[in-house]
Amino acid sequence: MTTVQTEGTTTLQKGAVGQSVPRKEDRRLVQGQGTFFDDVKRHGMGYVHFLRSPYAHARIVSIDVSAALELPGVYGTLTGDEVAILTDPFFQIAAEPGGSVKDYALAVGKVRYIGEPVVAVVAETRELARDASELVMVDFEPLDVVVDARKALEDGAPVLHEEAGGNVSYTGVWEWGDVDKAFAEADHVVKISELHFERFNSTPLELDGALVEYNRGTGQWTITTNNQFPGFAAIMMAPALRVGTDKLRLVTQDIGGGFGNKITTHPQLVALCLLARKLGRAVQWTEWRTDFHQSMSHGNERWFLDTEVAVMADGTMTGFRSRALDDAGAYLRYEPLGGVIWSQVAPGMYSWRNLRLDFTQVLTNKAPCSPNRGYSRMQHLWFTERIIDIVAHELGFDRVELRKKNYVQPEQMPYETPNGCVYDSGDYPKALDLVLDLIGYDAIEERREEAASRGKLLGFGIGSTLDSGTNNFGQSQLVNPELQFSGNNEVATAKLDIFGEIVVTLGTTPQGQSHETTAAQVVADILGCDVDMVHVRAGHDSYWNSHAGFSGTYASQFAVTGLGAVKGATEELARQMKTLASMVFQCSVEDIELADGFARMKENHEAALPFMALGAIPNANNAGFPIDPPPMNARFVFRPQFQVPDKDTKFGNLTLTYSMQIHACVLEVDPETGVYELVDYAAVDDCGMRVNPKIVEGQVMGATAHAIGAAMFEVFAYDDEGNLLTPNFYDYHVPHTLDMPPLKTAAIESPSPFTPLGTKGMGEGGGGGIHCIGAALQDALRASGGAIVTSSHNPYHRVWEMLRHPERSREKVEVKG
Amino acid sequence: MLLREVSYARPASVEEAVTLLSEHDGARALAGGQTLVNVMKQRAASPDVLVDLAGLDELRSISVSGTTLEIGAMATLASIIRSSEVEVSRPILAEVAATVADVQVRNRGTLGGNICVNDPTNHFPPLLVALGASMTIRNAGGERTVSAEEFFVGVFETAVGEGDLLTRIDVPAGGKGVGDGMAGVTLGAHGTYVSNAAATVVDGGWRIALGCVAAVPHRASAVEEKLSGADVDEATVRAAVDGLGATLDPPSDVHASADYRRSLAETSTVRAVMQAAEKARG
Amino acid sequence: MSTTPVTEMVVTVAVNGTTYEREVPARRLLVHFLRDDLDLTGTHIGCDTGSCGACTVHLNGVPVKSCAVLAVQADGAAVTTVEGLSEEELTPLQQSFSDHHALQCGYCTPGMLMSAAALLEETPSPTEDEVKVALQGNICRCTGYWNIVEAVVAAGKGGA
């Protein structure tokens, strides 16, 4: 079912790194012994239920909690009025006008989306908290609702945040090269009036939540949670709570999936902090599936309007211009970073030099957006893949040759894009050939005929995509020049305990990415020991200084930042170990090597100290040394080399590494019903040096499954009143086992020249499946009307529409010249 | 989500169950719970009393009596799939049961529960109408039997009223000259139906019932008449079904527009009929 | 089993071979009983519509979603949870999951194991299709299922 072919070299010697070492995490997880936040209990803890807004837009006239408080077993409540007194509004990333948005832990004065938390109720049991919330009386005065981003821009549209003056949170023009010239000189101009990347997210199986305790004596909160970016959460929460970040101890262990969707829980966490302090007891909140769908972390919905593509007669694409309209939902949380992050991949995988994107982001009465697997790059890469597919379709070019011609070529690597990003390495044409081989491209036309004999329309599609990793947070200054964020970092510590155990801590918060295992592989190779000897602490705990401002697991960077920190800490520990051994054996440090679990003299393996001895000396037996024995304890902060980008030209390197995936699929459409089935699928991944190939493949598979879901089944659709029509797994169908196609995978390794291990971050993927399924549908429909795929989401009913009325989509495309 | 407070009883006999259902206002029978417990979690329905039928083994039996397949209302979908009586007598029931949701749901979900919910997207209401099944309902006053058409009354409403308990579903046994088919479109494999149609032919006479288009299964009588006694080839079937969609008034929702459902209704009907015709040929 | 409906009752349930007697509200879901009353937190909750299967346990030997069963319905029954699959050593099925990288975050894994274990009891050497049908009621968002299916098939062939 899968094949893995490795080409290219690894930059480290062959040891544990590069092997598909079995996972350390598995033992506890297959026994149901993982510790997810909801597994943790505290004596006397209260269970929290959030009463949520039934209106998409309304003024809160009054709140009466008295009846709820009278119910036996209810410990207390929290309302927006209290929150507005006890906390300051959350810091806004946006400059004006978005910067004026006021965002609190509970709705203050107004509600702006259905599902917005309004009142928190705490009770002795989960059921009682739920019962009590039904006794809370909230009086709302409904207001007009706006759910369409295009309408949110119109004069007279309902305004969500009056302080912001309108619904625009960010707007900016991004232009590089000489766009006018490119269009003037173009042989063809292909116009696409509308492309729509729809709203969905990754619906991690574990919901959000936390157990929060407050220590009255020290003013310290302990937050046991599954937030995947504690660095960001602390930065948002501390000023709101008017405390220093050290008062917020963020603890995670096992997290049931994140995919970016567990980054913006800080409003609920602040509410819990206030409650824990107010009630003098631990409080526990577990989100419901419906609450998550209605209120948390929708992926950016983005329109690309009035796109024009400049194409030469030979198929060279020289540039594009377009208007992007991004729908952020009702609050900005992590936005408007989506307004710049796409520019990490501004040209996609293509070598055109003349690009212009007018980017506007608006607020609407829908759930707030936050990063979702492929955050903001996926939307833009889908846009570039739609372009090349439509250009090929309309101008009669071969879609494989057109890609190869326009791809950034391997000899151009490292490649500086028009906006100063540097694609570190990769061979896109080779990857494309590999995926075509895997899927059996040569036999496609034969398969098409065979499918036609069964009454089916066969389609073949390619989706090429990038996964840019290790952010330069300086790009935030391109949407708000006043921001003081730049660069990136991650922390690791490595030590020998008294008995010589190797203990490693990470600043990261893995949600399935196998950090304990891959970190142990790197450590084992540096210290010359078995992976089994390396103990990596599960999870994150901010109390013990093993983190920095950007710590967390997000944005495809662990293999660079996390492992870079691990490498740095372990190399420092190794240096200390060799130094101590040299002190004991009275030789020079260069005479010592770490191998087979010992620190020993290279020339005389009998002179060897086990790690236990090394650990014991500084900890328990340190007399007699003229100079201090090294402590066997190292902390390393990995900092990738970045500059602050130029704010005027919006030029600079925004990400350190660029992984790549090319997906291909074959599908069959039932022309009578629009129902279609994926019958074959292949994906090729290049993430540089692979620390653990099986784990890398697992990430590729997961990204593929998410993309298939988004393309075929998953959408957060709203009606005009702001009701989410897919608020649970009943209507929001995600793929199950029987929905998955056969899959072949392969890997190429093009090491990154910029990273400590030659690795590139790779977990997100880039939505390759969305791109290739759309392309395959368009290919299938050639034989029946030639509809153009203009939406990222193509459920059966949309395919049926495209079969019935191909002219409606064809109207959106025009070729000049 | 979490249930409101509820009272619970597990009677040991059908008589006791019926007594409980009639004595307590707002009492509901709890069969497999795959729908009811989930509905109660959402607090969309909150009966005051749950009468758990789990102890009523007599309601689980599956047997053949003469030319009738008698299925106890508490027979789980899993037991229907495994049943040799069903396999011999009317296998379409097992084939369809095997496509409902998943193993866990089928281990608990019952045939009686599936039809008492009368969710327009459920598998069994249209199938049982097409098969010409009948349902036996007991209450404090005695027992009565209704036809499948009479059973499905309205929006999530059946002939099982206050104080009533569905005890048995009777399905005519199949045999020579009998063919059954069911076709449709689901949201993902084994998912919720967006459109479905069940068709049965018995010696050239047709019964065709559509789900997903109205509150109750819709008999496509005009199509039945056109097909009656006819030679069934695809062209004839398509001609007979043509125009069916225009007579329907199906709902529009996030999964399908009314027009799409009209079109799918026709396609599902053609396919169900073709399946049944092929089965009848043997 | 009285004829008077009650809002609370004492349930006697054998879980993983140990018999527990607890008073529970009639409305308590079996999954919450297991997690909160018995501290068996290996069984997980991932949805509120009985769709995801993270809560799958064996009730009298067959896999069911414990979020769609009331604790009172389990009175007198035997329940097996993921904690009851193994003692000190991993079972071949659990080992196969690890060997085939059939878990990433591990949240769906207990439910997957319970469904797979039930299948292997009934069908010791299942085909790929049989495994897919058996796991159709268990959602995973991390793996895409391919490795999970492979792991169960491999476990079926005696751990090949």
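This note goes through the confidence, sheets, hairpins, helices and salt bridges of a predicted model.

1. Basis. The model is predicted; local features need pLDDT of at least 70, side-chain atom pairs count only at pLDDT 80 or more, and totals for chains, interfaces and linings use all residues. Residues are numbered from 1 along each chain as its sequence is written, chains are lettered from A and ligands numbered from 1 in the order in which they are written, and side-chain values use heavy atoms, with hydrogens and water left out.

2. Confidence. The predictor assigns the complex an ipTM of 0.98 and a pTM of 0.97.

3. Six-stranded sheet. Strands here are DSSP runs of E with at least two residues, helices are runs of H or I with at least four residues, and both are numbered from the N terminus. Two strands pair if DSSP finds at least two bridges between them. In chain A, 6 strands make an open sheet with mixed pairing, in the order β7-β15-β14-β13-β8-β30. Because β7 (168–176) and β30 (813–816) of chain A each have a single partner strand, they form the edges, and one side of each is left without a neighbour in the sheet. On average, neighbouring strands of this sheet are turned by 10 degrees against each other, direction ignored; axes are lines fitted to C-alpha atoms, for helices over the stretch in contact, and angles run from 0 to 180 degrees between N-to-C directions. Within the sheet, β14 (residues 317–327) and β15 (residues 354–362) of chain A run parallel and are joined by 9 bridges. A:D327 has A:V362 in β15(A) as its bridge partner.

4. Two hairpins on β24(A). Strands β23 (residues 592–595) and β24 (residues 598–601) of chain A are antiparallel, with 4 bridges, and A:A595 is bridged to A:F598 in β24(A). This hairpin has 2 residues between the strands, and A:D596 takes a positive phi near 55 degrees. β24(A) also pairs in the antiparallel sense with β25 (residues 608–610) of chain A, over 3 bridges. There, A:R600 stands opposite A:A608, and the hairpin of β24(A) and β25(A) has 6 residues between its strands.

5. Helices. Burial is judged by relative accessible area: buried is under 20%, exposed over 50%, and partly exposed in between (1.4 Å probe, protein chains only). In helix α8 (residues 124–131) of chain B, 8 of the 8 residues are buried, so the helix is largely enclosed by the rest of the structure. Its buried residues include B:F124, B:P125 and B:P126. B:G132 follows α8(B) and has a positive phi, near 70 degrees. In helix α18 (residues 693–712) of chain A, 19 of the 20 residues are buried.

6. Salt bridges within chain A. A salt bridge is a side-chain nitrogen of Lys or Arg within 4 Å of a carboxyl oxygen of Asp or Glu; the whole structure has 86 of them over all chains. A:D26 and A:R23 form one, with the closest N and O atoms 2.8 Å apart. A:D26 is buried at 1% relative accessible area, and A:R23 is buried at 6%. Another joins the side chains of A:K812 and A:E194 at 3.4 Å, N to O. This pair links distant parts of the chain, 618 residues apart: A:K812 lies in the loop between α21 (806–810) and β30 of chain A, and A:E194 in strand β8 (residues 188–197) of chain A. A:K812 is partly exposed at 23% relative accessibility, as is A:E194 at 22%.

7. Salt bridges between chains. A:E714 and C:R141 form a salt bridge with the closest N and O atoms 2.8 Å apart. It runs from the loop between α18 and β29 (743–748) of chain A to the loop between α4 (128–135) and α5 (146–156) of chain C. A:E714 and C:R141 are both buried. A network of salt bridges links A:R130, A:D131, A:E134, B:R4, B:R43 and C:R27.
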